[in-house]
Structure formats: structure tokens, C-alpha cells
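The following exercises concern the fold of a single chain and the setting of one of its residues. Each task is followed by a worked solution.

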Amino acid sequence: EEAARIMSICNACRYCEGHCAVFPAMTQRLDFTPGDLGYFANLCHGCGSCYHHCQYADPHEFDVNVPKTLADLRIDSYEAAAWPAFLGRSFRHNGIWTAVVTALSIALFLLAAALLVDPAALFGTQGGNFYAVLPHNVMVAVFGSVSLFVLLAIVVGMVRFWRMIGAPPLREVGLRDLGTAVHNAMTLRYMGGGADLGCTYPEEAPSKLRRVFHHLTFYGFLLCFAATSVGTIYHYGFGWIAPYGYLSLPSLLGTLGGLGLMAGPAGLLWLKHRAAKAGVQGEAARRLDQGFLALLFWTALTGLLLTALRGTELMGLLLLIHLGFVMALFLSMPYGKFIHGFYRLQALVGFALEQRRGRQLIGRDASAQAAE
């Protein structure tokens, strides 16, 4: 109801029409269904420009705050699309969820090692060979099974979100729509404040820092994923067994990715702390972001320490701690801020589809629109 009220005011004003994808999508509608509002919420990048430029923001009696309202609504959409449904509640208390999952994951790896791993292997140097501590097949079985569950949860969530916003069957989505959406997501086009000056974040003055730190985080994650993929090809395709040298392709990709996953989240947490007083994000949304960013940072830090100290007696302990953080990251992916990337991409696909089809909007019956 609050989101519909604010969108009605914005639709009458339209001062922010060029800021991002939310407002062109909004102006094509005369009224707003719950599906429309969930779609807008996931189009919003939370840059804050519309809030700082709004003549109806507090202390005006209309109290219009688009980024905060849509940030709260995004959490509603995450919860509604989550599978299994009971785990959707984790979005409301994400700081506690992330902390508990992380602590349990690390504790389980330490306990399993204490019961099953020879102390000589755990606390020896092992020449930097991780598999001397935990066999390769054990790692593959544990993380492979968890990955399958995570992938299923994400796919089901995406299907639910696509239906929730009333998007058409996938056969109506063209390669052009998908390409436009991917380009806009990868370049963070809508994090530019409308004139590509950057977000009014953390303060009213435009800044591109948020885009820079976001890119470091996202592409750092992709580099780490590439390192794992290359290592898998080496292992199964060529029979080249780890450990790999510091200058090998998997190590270089992993190190660069780890540095990005430390610098990006650290920078975003710093900006988030500075932006807290601006009022463009609610407490639940802030906790959701902070839990995910902190988990990324500690996963990267323990991974880099493990790489640097893999020739010492600390390797076994660092390996278990790092694997605990990685497991927690995996388990939290469908139930934390990580999921926003998938839903935002879907919203951008819907926006590209609307722009191509003109007045044929997603979530609206085509015959009814033709009659209008």
C-alpha cells in the first residue's frame, strides 16, 4: 500500500523520469498491482538520486522515499519467491541467519577433522597439498551435493519471481532483450543517477565509488569462480592435480578474485556506514547487505591466507576455516543478498521486453491493454 501510494505521487510528478528504469516502467501504468510493485522494487538499484532530488521527500507531508520503500519491498519479494518457503523468513533476520550458518559450518568442519583426520596430516606441512588433509572426493561429494540444492533453490526462486511479476512465457523473450538486460546489469547502467555522474550515495553529492566497489565485488566473484572452473578442467581434463604454482592460471585468477572480494565488500560496507544517516535504506535491508558483504570479505581473506601459508603447519587449520566460510556462503546464497542479482536481471529482462513491445506491458492482459 505504501509503495502504491508513493508510485501514484511519482507518476503525477515525473520529475525523476530519466533517473533509472523504475520511472519509465512506472509511467507506462495508470495503476499498480502487487506484481508491478515487486517488479519496480527489483529494477531499483538503490542509488538514492530520486530521494535527494524529490520535492516531496521528508519533511514534506507526502514523505516520499522511493529507495527505502522499494528496498523494503524487495525483501518481501525475496521472501515470497523463496524455496523452501519456510526459509524465506531468513531474509527478515539475515544477520542472525548468516552468523549461525557460518558458525555451524566452521564448527562442523573442525569437528569432522578432529574425529576423522590424522593429527599428523592436519598439522603437518604436506607440501601445500590440501587433499592430504581432506581427500578430493570428499570435498567434491560435500560441496557438490550442497551446490545442487543451492542451484535448485535459486532456479525455483527465479521461476516463482518471474510468475510473481506477471512476466510472459520465456518463448516471448528474445535474444535482444536478454542481451540488453545482461549489458545493463554488467555495466551497472542504472547506478549512474540519470546523468552518469554516479549515485547520490553515501551523500547527496554524486559519486561513482559505489559502482567501483560493486564492480570489484562482482568481478572478483567471477574471477574466483573462473579459478575453480579452470582448476576443475586441469584436474579432470588434463589430470593435473593440485597444488598448482603461485603463477599458474587458477592461482592467479583466485588471487585477483580474492583481492577484489576483499576490496569491494570493504568499500561497500564503508559507504553503507556513511549512508546510514541518509535514510534511503531500512534496517532490515541494511542488515541483509551487511551480512552478505561481511561473509564475502571473510571468505576471501581466509582464502588468501590459505594460499599464502599453504606451505606451513597452519595450512590444515586454515583450510577447515576457509571451507567453513565457503560452505556458509553457499548455503546463504538463495536466502541472502546474493539472490538479488538473479531477480534484478529478470526485472531488467522484463524492462527490455516492455521497451521493445511498447504498450504491451508485463503483468497485463494483452487484450485488455488493446481495448484501453
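**Exercise 1: Contacts along the chain**

Task: in this predicted model, determine what share of the contacts between residues at least 6 apart in sequence joins residues at least 24 apart.

Solution. Step one: consider the contacts in the chain between residues at least 6 apart in sequence. Step two: of these, 73% join residues at least 24 apart.

**Exercise 2: Overall form**

Task: describe the secondary structure of the chain and compare its radius of gyration with the globule rule.

Solution. Step one: the chain has 15 helices and 0 strands. Step two: its radius of gyration is 23 Å, close to the 21 Å that the globule rule gives for 372 residues, so the chain is as compact as a globular protein of that length. Step three: along the principal axes, the C-alpha atoms fill a box of roughly 75 × 45 × 40 Å.

**Exercise 3: Histidine 136**

Task: is histidine 136 buried or exposed, and which residues does it touch?

Solution. Step one: histidine 136 belongs to helix 8, which spans residues 136-164. Step two: its relative accessibility is 16%, and buried means under 20%, so histidine 136 counts as buried. Step three: leaving aside residues up to four places away in sequence, histidine 136 touches Tyr131, His235 and Tyr236.

How values were computed
Residues are numbered from 1 along each chain as its sequence is written. This is a predicted model: local features need pLDDT of at least 70, side-chain atom pairs count only at pLDDT 80 or more; totals for chains, interfaces and linings use all residues. Side-chain values use heavy atoms; hydrogens and water are left out. Helices (H or I, at least four residues) and strands (E, at least two) are DSSP runs, numbered from the N terminus. The radius of gyration is taken over C-alpha atoms; the globule rule is 2.2 Å times the number of residues to the power 0.38. Contact means heavy atoms within 4.5 Å. Buried means under 20% relative accessible area, exposed over 50%, partly exposed in between (1.4 Å probe, protein chains only).
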